[in-house]
Amino acid sequence: MGDEAEAEAPLVVGLQPSAMVDTIALVDSSFLDGIPGERGGSIPVGIEELDYILSELKEDSGQKTIAGGSVANTIRGLRTSFAIPAAIIAAYGDDRQGNLFLKNMTFNGVNVSCLRKKKGHTAQCICLVDHSGNRTMRPCLSNAVKVQAHELVREDFKGSKWLVLRYAILNLEVIQAAISLAKQEGLLVSLDLASFEMVRKFKAPLMKLLESGNIDLCFANEDEATELLRDEHNADPVAAVEFLAKYCKWAVVTLGHNGCIAKHGKQMVRVPAIGEAKAIDATGAGDLFASGFLYGMVKGLSLEECCKVGACSGGSVTRSLGGEVTLENRQWMYKQMQIRDLRMPDVLCK
């Protein structure tokens with residue numbers, strides 16, 4: 001699958017400055033009381049804190065280690081579930097985690113020609129999942145190798161239609177550089193708001209990004225949307241999607257088991273969640289929702305259809321641990337799409 005992906009110009013390219021490896025584990029709620037930061041958030045930790053959390057995990061926590069990071073999850077989902085040629089721009093280290101990231105992306109048919117190998121450590125993240133399926137993330141970017149703004153070139157974006165980004169203050173310079181080059185190549189830009197903590201602590205630079213007019217599509221979950229409107233009288237999801245739509249052509253607020261709301265121009269749609277009854281782990285649900293939504297955008301589907309494909313895709317990844325859709329859950333997703341008379345990926349129509 002990898003060689004085939006290399007031959008195709010990627011329609012979607014994702015920028016994740018630091019390649020990342022996720023360790024996913026099931027934990028009791030009490031476990032979360034003993035680690036720094038709020039439950040459900042994604043606050044960065046140092047290497048000592050990462051090692052401590054790993055050492056405290058029980059043997060029966062069902063630990064699973066896979067290539068991860070929000071953008072990587074979205075790009076991999078586009079390729080594996082929807083047969084959309086997709087590439088990732090990232091730096092990975094000359095360590096075991098870096099090799100795992102490269103192998104996973106290659107195996108899944110993602111174009112890896114824009115990956116940069118560097119001497120040093122690959123970023124890691126612990127995804128702690130409680131018995132309700134809610135996840136708490138603790139990324140460790142300490143000393144991790146990353147793509148720098150000056151290393152990006154127009155060639156990284158040539159021939160693509162979409163650039164996928166995730167907001168992060170540490171990556172602001174490289175994000176801005178990527179947007180500038182992508183716009184020179186005529187790409188549309190998608191931005192995920194990352195976490196409520198990121199929105200809370202770094203709202204001013206986020207607003208500058210939105211106000212620039214260069215963000216065409218914005219994804220926010222309910223917590224991020226609420227945080228964005230914290231100082232407003234009305235901070236409900238409808239108000240949030242209307243607020244984002246002032247700056248972006250397409251605005252989407254995901255609402256977990258309540259589905260999503262999206263707006264484009266004067267059109268606003270609300271679509272229910274799919275498959276929540278069997279949710280085991282919410283890790284990657286938003287990332288895979290984005291995969292489905294972007295597939296719909298690439299194929300010219302309506303706003304409502306984009307949301308429905310997103311709901312099918314996001315629902316599929318919650319059925320097992322981790323941000324990667326298993327073959328069984330992919331088949332479940334295709335069945336859900338067929339039931340709703342949604343356009344199937346081309347690879348299934350041949």
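Predicted model: local features only at pLDDT ≥ 70, side-chain atom pairs only at ≥ 80, totals over all residues.
I started with Gln 336 and found it in helix H13, which covers residues 327–339.

Next I asked: is Gln 336 buried or exposed? Its relative accessible area comes out at 12%. Buried means under 20%, so Gln 336 counts as buried.

Then I looked up what Gln 336 touches. Leaving out residues up to four places away in sequence, I got Ile 274 and Cys 312. The side chain of Gln 336 makes a polar contact with the side chain of Arg 340, at 2.9 Å.

New entry, on to the sheet. In what order do the four strands of the open sheet sit? I read it off as E3-E2-E6-E7, with mixed pairing. Strand E3 (64–68) and strand E7 (135–140) are the edge strands, and each of them pairs on one side only. I looked up the twist too: from one strand to the next it averages 25 degrees.

I zoomed in on one pair of strands. Strand E2 (residues 20–26) and strand E6 (residues 123–129) run parallel, and I noted seven bridges joining them. I picked Thr 23 and looked for its bridge partner in E6, which turned out to be Ile 126.

Notes:
Residues numbered from 1 in each chain as written. Heavy atoms only, no water. Helix = DSSP H or I, 4+ residues; strand = E, 2+ residues; numbered from the N terminus. Buried < 20%, exposed > 50% of the residue type's maximum accessible area, 1.4 Å probe, protein only. Polar contact = N/O pair within 3.5 Å; in protein donor to acceptor, adjacent residues only side chain to side chain. Contact = heavy atoms within 4.5 Å. Pairing = 2+ DSSP bridges. Axes fitted to C-alpha atoms, helices over the stretch in contact; angles between N-to-C directions.
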